[in-house]
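Hi,

Here's the structure I promised to pass on. Have a look at it first, and then read on for what turned up.

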Amino acid sequence: MDLIQKAKNLGCIIKNDEYYLWEIQKWLREKKFYHVYVITVTGNNWVYEIRYISLVMDDFISYLLIEQKEYSTYEEALEAGLIDALQN
């Protein structure tokens with residue numbers, strides 16, 4: 001099953017299939033408190049992290065959930081991170 005269909009099955013409303021990455025990323029932040037970060041590591045390689053971030057009693061809590069392998073493009077890393085986040 002592709003990323004767009006997984007997100008829709010979980011209740012994410014995607015208005016434009018051409019710009020779905022940011023819509024899924026925003027939905028994960030707002031509904032599941034999952035923040036998918038993509039950062040560069042060495043040269044042109046990228047990794048993603050998934051963090052659970054929430055406000056509890058006026059204090060932010062943050063847990064690193066997943067950190068994965070390197071990808072050659074930002075978009076590949078972001079899409080892989082979103083897929084993992086939707087599966088948690």
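This is a predicted model: local features need pLDDT of at least 70, side-chain atom pairs count only at pLDDT 80 or more; totals for chains, interfaces and linings use all residues.

In general, two packed helices are described by the angle between their axes and the distance between the axes. Here, helix 2 covers residues 20-32 and helix 3 covers residues 74-87, and they pack at an angle of about 35 degrees. Their axes are 11 Å apart. On the helix 2 side, the contact is made by Tyr-20, Leu-21, Ile-24, Gln-25, Trp-27, Leu-28 and Lys-32. Helix 3 brings in Leu-78, Glu-79, Leu-82, Ala-85 and Leu-86. Sorted by class, that contact has nine nonpolar, one polar and two charged residues.

Stepping back to the whole chain, you'll find three helices and three strands. Starting from the N terminus, the order is α-α-β-β-β-α. The protein has 88 residues, and 38% of them are buried. If you take the contacts between residues at least 6 apart in sequence, 39% join residues at least 24 apart.

Asp-2 and Ile-83 are 81 residues apart along the chain, yet their C-alpha atoms are separated by 8.7 Å. You'll spot Asp-2 in the segment before helix 1 (3-9). Asp-2 counts as partly exposed because its relative accessible area is 44%, which falls between the 20% and 50% cut-offs.

Next, go to the loop between helix 2 and strand 1 (34-40), where Phe-33 is found. Most residues other than glycine have a negative phi. Phe-33 isn't a glycine, but its phi is positive, at about 60 degrees. Phe-33 is also partly exposed, with 37% relative accessibility.

Last up is the largest pocket. How much space lies in it? About 210 Å³. Its lining is made up of Gly-11, Cys-12, Ile-13, Lys-15, Trp-22, Glu-23, Lys-26, Trp-27, Glu-30 and Lys-31. By class, that gives four nonpolar, one polar and five charged residues. Look out for Trp-27, which lines this pocket and also takes part in the contact of helix 2 with helix 3.

Cheers

Technical notes: Residues are numbered from 1 along each chain as its sequence is written. Side-chain values use heavy atoms; hydrogens and water are left out. On a 1 Å grid over the protein atoms alone, a cavity is a set of points where a 1.4 Å probe fits but cannot get out, and a pocket is an open set with protein on both sides within 12 Å along at least five of seven lines; lining residues have an atom within 4 Å of a point. Grid points are joined across faces, edges and corners, and a volume is the space filled by probe spheres set on the points. Ala, Val, Leu, Ile, Met, Phe, Trp, Tyr, Cys and Pro count as nonpolar, Asp, Glu, Lys and Arg as charged, and the others, Gly among them, as polar. Axes are lines fitted to C-alpha atoms, for helices over the stretch in contact, and angles run from 0 to 180 degrees between N-to-C directions. Helices (H or I, at least four residues) and strands (E, at least two) are DSSP runs, numbered from the N terminus. Contact means heavy atoms within 4.5 Å. Buried means under 20% relative accessible area, exposed over 50%, partly exposed in between (1.4 Å probe, protein chains only).
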